[in-house]
Amino acid sequence: MTGARRGGRPPLISRDDVVAAAIAIIDAEGLDALTMRGIGARLGVAAMSLYRHLPNRDAVLAAVVNRLVTEVVVDVPADARWPDALRALALGYREMLLRHPHAVPLLATQPVDVDTGMALAAPALDRSRAAGIGADDAVTAVQSVIVFVLGHALAQVGTPPGADDAPPAAPAGYYDRWFTAGLDAMIHGFTRTGDGP
């Protein structure tokens with residue numbers, strides 16, 4: 001729905017609508033294109049009506065980060081070992097980041113809410129607990145993997161696809177091979193230093 005409406009009652013929108021519209025703008029045009037006016041235009045409402053749901057652009061960006069993190073699918077079988085759960089977290093998080101390349105710099109710099117972050121990490125932390133790994137060690141492993149995934153995604157999409165100054169495309173599979181090698185080394189390192197079985 002685009003463009004302001006004339007006459008009649010304004011359309012009813014929700015906080016979820018505002019966040020979804022913001023993500024759509026970021027995906028299509030990049031972070032710099034995101035304005036309250038642009039979100040309002042996308043939803044067919046005046047920008048002022050958005051402030052009932054989120055007080056400013058910074059609040060919208062924080063909400064976008066939390067929404068995107070909830071999109072991550074961490075596929076962990078019930079009998080998975082903790083390194084497999086950690087790998088599933090990394091793969092799911094990377095898949096979400098590459099689906100929203102223009103949002104990667106935001107996700108790398110804007111903290112996620114504690115509850116949302118804990119929900120993301122829960123499968124890996126649960127398997128770590130079952131393996132007898134201490135809580136601090138498990139959190140360190142999860143945080144380290146998340147930072148690696150974010151950093152790798154920034155390297156891959158630092159200049160988002162389609163940008164005027166995008167560098168030449170890397171050879172097919174280059175980033176996948178690099179990511180897999182780095183992730184394997186990191187998980188292997190945790191298992192060798194006493195943080196795992």
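## Notebook: rings, charges and the core

Tyr174 is partly exposed at 38% relative accessibility. I started there, keeping in mind that this is a predicted model.

**Entry 1, aromatic rings.** I looked up which residues cluster with Tyr174, and found one aromatic cluster made of Tyr174, Tyr175 and Trp178. I then listed the aromatic pairs and got four for the structure. One of them is Phe148 with Phe179, a stacked pair at 5.6 Å centre to centre, with 25 degrees between the planes. Phe148 sits in helix H7 and Phe179 in helix H8, 31 residues apart, and the pair links these distant parts of the chain. I checked accessibility too: Phe148 is buried at 19%, and Phe179 is buried at 1%. The Tyr174 and Tyr175 rings have centres 5.1 Å apart and planes at 80 degrees, so I noted that pair as edge-to-face.

What does the charged end of Arg94 sit over? I found the ring of Phe179 under it, with 4.4 Å to the ring centre. Arg94 also meets Asp176 in a salt bridge, 3.0 Å from N to O. Asp176 belongs to helix H8 and Arg94 to helix H4, so this bridge ties together parts 82 residues apart in sequence. Are the two partners buried or exposed? Arg94 is buried at 11% relative accessible area, while Asp176 is partly exposed at 41%.

My count for the structure came to six salt bridges. Arg67 bridges to Asp16, with the closest N and O atoms 3.0 Å apart. Since Arg67 is in helix H3 and Asp16 in helix H1, the pair ties together parts 51 residues apart in sequence. Both ends are partly exposed: Arg67 at 24% and Asp16 at 48%. Next I looked up Arg87 and Asp184, whose side chains meet at 2.6 Å, N to O. Arg87 is in helix H4 and Asp184 in helix H8, so parts 97 residues apart in sequence are tied together here. I also noted a network of salt bridges linking Glu71, Glu95 and Arg99.

I finished with the largest nonpolar core, which has 58 residues; Ile39, Val60, Val64, Tyr93, Leu97 and Leu107 have the most contacts inside it. Helices H1 to H8 each give two or more residues to this core, and H7 gives the largest share, 10 residues.

Technical notes. Residues numbered from 1 in each chain as written. Predicted model: local features only at pLDDT ≥ 70, side-chain atom pairs only at ≥ 80, totals over all residues. Heavy atoms only, no water. Core = buried A, V, L, I, M, F, W, Y, C linked by side-chain atoms within 4.5 Å. Buried < 20%, exposed > 50% of the residue type's maximum accessible area, 1.4 Å probe, protein only. Helix = DSSP H or I, 4+ residues; strand = E, 2+ residues; numbered from the N terminus. Phe/Tyr/Trp six-rings, centres within 6.5 Å; stacked < 30°, edge-to-face > 60°. Lys NZ or Arg CZ within 6 Å of the ring centre and 35° of its normal. Salt bridge = Lys/Arg side-chain N within 4 Å of Asp/Glu carboxyl O.
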